[in-house]
Amino acid sequence: MSNQSRIRLERVTKRWDATTAVDDISFDVTPGQFVILLGPSGCGKSTTLRMIAGLEEASDGRIFIGERDVTHLPPGDRGLSMVFQSYALFPHLSVADNIVFGLRSRKVPKAEQRERLAKVAELVDLTDYLHRKPAQLSGGQRQRVALARSVISEHPICLMDEPLSNLDARLRSDMRREIKALQSRLNMTVIYVTHDQVEAMSMGDRVILMQHGSIVQDGTPDELYNRPASAFAASFIGSPAMNLLPLVTGEQGAVIEGETNVPVAPLEAAGGQLGIRPEDIELHPASIYGVPAMVVSDEYLGADTIAHVSVGGHTVRVRMSGKHALAGQPCSLSWARENAHLFDASGLRRDDLTPNPLPSAPRAVPRPPAVGSFQH
Amino acid sequence: MQLYGALLLLPAAILLATFAYLPTIATVINSLFLPGFRGAPTEFVGMENYQVLFDDPTFWKVARNNLIYAVGTIPTSIALALCMALFVNGKLRGRGFVRMAYFTPTILPMIAAANIWMFFYAPQIGLFNKLLGALGFSGVNWLGDPNVALGSVIVMSVWKEAGFFMIFYLAALQGIPPELKEASDLEGTSRWSFFWRVTFPLLMPTTLFVLINSLINSVRVVDHLFILTKGGPNNATNLLLYYVYENAFSFFDRTTAATITVVILLVLAVVATLKFTILDRRTHYQ
């Protein structure tokens, strides 16, 4: 694979007057990678993408594509294409004219335009719609036109700015797979901006999580899920989000605030937070040793049930497969030691401490499809 | 239910009928009769009034003037309006001020504007002749010279109209999503090419609207002729509606006035229909 599509950001910053949208960011994208820029709105992910595209000028730092310093090049000279959230289709042009718009700008011969158009239209399944105007297409089809427009340019790099956020949920999951398939088939380097952690987890080879203009964590989806670098990363990935419980000093170790009976971590962890994913918590009858709790309500979602459990005044979400009706019952909670995460007072992950084992917690035997009862 | 619908339409229908349709019909009927003298009844003469009108050299001169006026004002004011709109739509310091400055001529009443331009054009003390004099040229009699007068009127009309049309273009430009420009920038499209391939076609509905409006305006000129030239010298700046006005209220020749009015209406209808049928097909409405 050529180095042509390598993207490198060196200490890139974007400031508007007093506000800093992107703060001293560096990362390096290897050719063929599908990289997700993930974060809540206002975290600077779109601005980062627009700086790579050349639509915004970096206030500081340098951007390289391949071996070229493109920091001050106009967008058209950077050799990349982009898919916009709003699709940015030209409403007065037919689908075909929209797709070849860039080829006409670059003065590609007519015959070659037609040839490439036919090939790309086939690829994104638009052959029957080439003469329509964008207004006569559905949202998913418009998205495909936008994709076709970036594919036909044959640039090795494609930037995508929340391309699926205007689509309904079902179409979105179809398009997720389609985009991913297209990317690996054409071996494109993709930088994909989204605030949707599902898109990030399912599509990305690598996820760069951002907050307040800085990178919080940069790793594979697996790493983000299993070893969140901060409480923010922990709460952003996964649905429902990871439970975060404040820890205070107890008699034999750190305990959950408001629930002083069971030490859950070494004393040094007090003042920080304990994080456990809803799917990693096991719910037992109150007689079994564990963290005492009370089921407040349950939400049945079809394949599984989310129980809202009160622990020392904090609400903890527990995911159980199947249907359970537990509201109002006392219970006890346990989790495997490797599934509990500790964060310090500033929210950063600490690996120097290991959470306490919850002694009686029997290692989860395959969960029975029990209805309306506890798991044993 | 049908009665209900008809009642909803009634207020608009009454207004239109009283102030548009009835006068139009009355005018058409007027143009077919000769008034009787000394109490004699009016006499139906058919197309004779039109025959007399078409034999009148002054009418043709006025019609020619109006054509020159239209050709002189419409394309210039539209082009100028578009340029101004593109200019103030960009990133610009003091953008609000420039926009307001461009729009000011439109807010001024026509009579006031014409009076201002009287000072510009005045032969001895006028601004233009003073400037020319300072540069060592002899002055021009802007409104008195039959060869120059119509041009002077055209310049003033362009000045007055361009700002008005600019507002429409500016509104339309703001309706074009900025991503379109970004998408075309990413393809390395030049500004020139982007304008002709995207901006201009997307502005077509506005252009069509402005075209029809400016056409109507060009046969609606009375007030600034009234101030500036009164149609003179020797009808050099006389335009159709002013000629109608003269016939009706100076010469008290209602019949000729009605006849010219009908001719204007017909010409306008034909041109507007042509514009809509030809341009509409090539216009993209969002």
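A residue counts as buried if 20 or more other C-beta atoms lie within 10 Å of its own, as exposed if 12 or fewer do, and as partly exposed in between, with C-beta atoms placed from the backbone. With that in hand, welcome to a predicted model, in which local features need pLDDT of at least 70, side-chain atom pairs count only at pLDDT 80 or more, and totals for chains, interfaces and linings use all residues. Residues are numbered from 1 along each chain as its sequence is written, while chains are lettered from A and ligands numbered from 1 in the order in which they are written. For the complex, the predictor gives an ipTM of 0.80 and a pTM of 0.79.

**Chain A overall**

- Chain A has 9 helices and 20 strands; helices (H or I, at least four residues) and strands (E, at least two) are DSSP runs, numbered from the N terminus.
- The C-alpha trace of chain A spans about 80 × 45 × 35 Å along its principal axes.
- Chain A holds 376 residues, of which 43% count as buried.
- Two residues are in contact if their C-beta atoms, placed from the backbone, lie within 7 Å. Taking contacts in chain A between residues at least 6 apart in sequence, 64% join residues at least 24 apart.

**Backbone details in chain A**

- Most residues other than glycine have a negative phi, and most peptide bonds are trans.
- D125(A), not a glycine, has a positive phi, near 65°. You will find D125(A) in the loop between α4 (110-123) and α5 (139-152) of chain A, and D125(A) counts as exposed because it has 12 C-beta neighbours inside 10 Å.
- E162(A) also has a positive phi, near 45°, and lies in the loop between β7 (157-161) and α6 (169-186) of chain A. E162(A) counts as buried because it has 20 C-beta neighbours inside 10 Å.
- The peptide bond from S239(A) to P240(A) is cis, with omega near -5°. P240(A) sits in the loop between α9 (231-236) and β11 (243-249) of chain A.

**Chain B: confidence and a helix pair**

- Among the elements of chain B, helix α9 (residues 191-202) has the highest mean pLDDT (92) and helix α11 (residues 223-228) the lowest (78).
- Helix α7 (residues 146-174) of chain B and helix α10 (residues 204-218) of chain B have axes that come within 10 Å and cross at roughly 160°. α7(B) is therefore roughly antiparallel to α10(B); angles over 145 degrees count as roughly antiparallel, under 35 as roughly parallel, 65 to 115 as roughly perpendicular and the rest as oblique.
- On the α7(B) side, the contact is made by E161(B), F165(B), F168(B), Y169(B) and A172(B), and on the α10(B) side by T206(B), F209(B), V210(B), S214(B) and N217(B).
- These contact residues divide into 6 nonpolar, 3 polar and 1 charged, where Ala, Val, Leu, Ile, Met, Phe, Trp, Tyr, Cys and Pro count as nonpolar, Asp, Glu, Lys and Arg as charged, and the others, Gly among them, as polar.

**Where the chains meet**

- Chain A brings 18 residues to the contact and chain B brings 17 residues.
- On the chain A side that touches chain B, β6 (80-83) and α3 (101-105) are the elements that give two or more residues; α3(A) gives the most, with 3 residues.
- The residues on that side of chain A divide into 9 nonpolar, 7 polar and 2 charged.

Conventions: pLDDT is the predictor's confidence in each residue, from 0 to 100. Axes are lines fitted to C-alpha atoms, for helices over the stretch in contact, and angles run from 0 to 180 degrees between N-to-C directions.
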